[in-house]
Amino acid sequence: MHSNFIHGSQERPYYDNCGYQPEHTSPYTYPVDRNLYVAYPPPTTYPSSLPHYIPRVSANDCVPVAEDPKPGKYCSPKTRKILCISAATGLLVAAAVVAAVLVWYFVTKYCLFSGISCGSSGSCVSTTQWCDGTPQCPNGEDERQCVRLYGPNFLLQAYSPEYAGWRSVCVDDWNDNYGKTACSDIGYSISTYYTTGQLASGGSSEFMRVNKSSGNAELYRNLYNSKSCPSNNVVSLRCINCGASAMPATSRIVGGSVATRGDWPWQVSLQVLGSHLCGGSIISPYWIVTAAHCVEGSLSSASHWKVYAGYVYQTEMSYGYLVEKIISRPDYESKTKNNDLALMKMKTPITFSDFVKPVCLPNYGMMWEAPRPCWISGWGATKEGGQSSISLRAAMVNLIDSYTCNQKTVYNGAIKPSMICAGYLAGQIDSCQGDSGGPLVTYMKSLWWLVGDTSWGTGCAARNKPGVYGNITLFVDWIYLQMQANR
């Protein structure tokens, strides 16, 4: 973690800055040349941190038109009129072709008119077939994503094939057993089930209700569409006790400082052979969120890694959890850092305590807007090119909107929808080498939420080069699918 206000700290490699890259001169054309937060010590098998340049396509040569010796014959008003009509017709035809290609692309890619996308497979399923009891998606996503949590109040919603949309679940006849089943359907373990609450329905006239006479174990088959909810209250569901921290909500670590034990209880150190390489965030006893670029190449083997939770100082790290499996986003792009997210599954569950707790994953509908204050933490370097920090450090940064971050003087079109910018255009406070994969969190409704995972940037705390993070809200679907499929 870099800050011009941090001085005198012991330095060791700390933050895997595996995506920081110099800007280009042509917007929206080239991937960013990575100056990733290079892990320390850098193994010889690491992905190269050298910039990757894509050849520029030179502009077409301008060939002067030969001057006609008889301009009167070829440059008459009639000739010019024909040429103008021909040019206009050609432009209209070209525009029609481009429009047709765009319509085809978006319709097939996003299922605008043919249903709901199955996810990474790219196929589409009719809205009436989603959650109908028969898998149509290649990986069965249509029957495994029938309940979800919405908004900061953890509103439980179930999908209704009849109405082709999501409906709140009436709290009448609901109980903890249904809550545990719903949490299991989402992707959590029944053992982490926390509580069921209730919220005012807000005047809604369409609900999903529990059919008490149904004997189906699958929750969504126990639910039916209803125009009424006698209590006028709907289910709020907490599948895990997440987002709690010892740090007061009013604390502002603007300049960056050493953390106190328990401030960031979801922060973990990911190590290979006793050396800190990347950070990560606990989301359940078995699952860690980190960056895909941390686990590229030979580092994709789970046997290389140990996870250290609940510590502030690297020198005190004694017990590390073994990793059973590493799952990177299949659409992760190494050169651009698009979709830079990976999951680690532990061999044994992480033991929670006052100093080890999960952070809350954002629920559906939670899109973060600039300039929302967020916090970064990690054992990363305190200056560009430095070694990782002995102590866990944290600092406050503000979200920066993508339009600003894509300006020519900032990242020149390199920020994709899967990315979030955070920091300060003036520099001074930023993530750095060794922080990669670590959390970008925000505080809302008395809870801490995971906004992003540290991905890349140009240098550390440089002017007009804020940190770039994976957009966790866009990855929630995929995260839950992996948790379901790899119990």
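Is cysteine 242 buried or exposed, and what is its relative accessibility? At 4% relative accessibility, cysteine 242 counts as buried. Buried means under 20% relative accessible area, exposed over 50%, and partly exposed in between, with a 1.4 Å probe and protein chains only.

The model is predicted: local features need pLDDT of at least 70, side-chain atom pairs count only at pLDDT 80 or more, and totals for chains, interfaces and linings use all residues. Residues are numbered from 1 along each chain as its sequence is written, and side-chain values use heavy atoms, with hydrogens and water left out.

**View 1. Cysteine 242 and cysteine 360 form a disulfide.** A disulfide is a pair of cysteine sulfur atoms within 2.5 Å. Here the sulfur atoms are 2.0 Å apart. The torsion about the S-S bond is about 95°, so this disulfide is right-handed. Cysteine 242 lies in the loop between β12 and β13, and cysteine 360 in the loop between β19 (342-346) and β20 (373-378), so the pair ties together parts that are 118 residues apart in sequence. Helices (H or I, at least four residues) and strands (E, at least two) are DSSP runs, numbered from the N terminus. Cysteine 360 is buried, at 0% relative accessibility. The count of disulfides comes to six.

**View 2. Cysteine 170 and cysteine 229 form a disulfide.** Their sulfur atoms are 2.1 Å apart. The link is right-handed, with 80° about the S-S bond. Cysteine 170 sits in the loop between β8 (165-168) and α3 (176-186), and cysteine 229 in the loop between β11 (223-226) and β12 (233-238), so parts 59 residues apart in sequence are tied together. Both cysteine 170 and cysteine 229 are buried.

**View 3. Cysteine 183 and cysteine 239 form a disulfide.** The sulfur atoms lie 2.1 Å apart. The torsion about the S-S bond is about -90°, so this disulfide is left-handed. The pair links distant parts of the chain, 56 residues apart: cysteine 183 in helix α3, and cysteine 239 in the loop between β12 and β13 (257-258). Cysteine 183 and cysteine 239 are both buried.

**View 4. Phenylalanine 154 and tryptophan 449 form a stacked aromatic pair.** The structure holds 12 aromatic pairs. Rings of Phe, Tyr and Trp (its six-membered ring) pair if their centres lie within 6.5 Å; planes under 30 degrees apart count as stacked, over 60 as edge-to-face and the rest as tilted. For this pair the values are 5.3 Å centre to centre and 25° between the planes. Phenylalanine 154 lies in the loop between β6 (147-150) and β7 (155-160) and tryptophan 449 in strand β25 (residues 447-456), so the pair ties together parts that are 295 residues apart in sequence. Both residues are buried.

**View 5. Tyrosine 411 and tryptophan 456 form an edge-to-face aromatic pair.** The centres are 4.8 Å apart, with 65° between the planes. Tyrosine 411 lies in the loop between α4 (402-405) and β22 (419-423) and tryptophan 456 in strand β25, so the pair ties together parts that are 45 residues apart in sequence. Tyrosine 411 and tryptophan 456 are buried.

**View 6. The charged end of arginine 148 sits over the ring of tyrosine 364.** The distance from the ring centre is 5.2 Å. A charge sits over a ring if NZ of Lys or CZ of Arg is within 6 Å of the ring centre and within 35 degrees of the ring normal. Lysine 345 lies over the face of tyrosine 286, at 5.8 Å from the ring centre.
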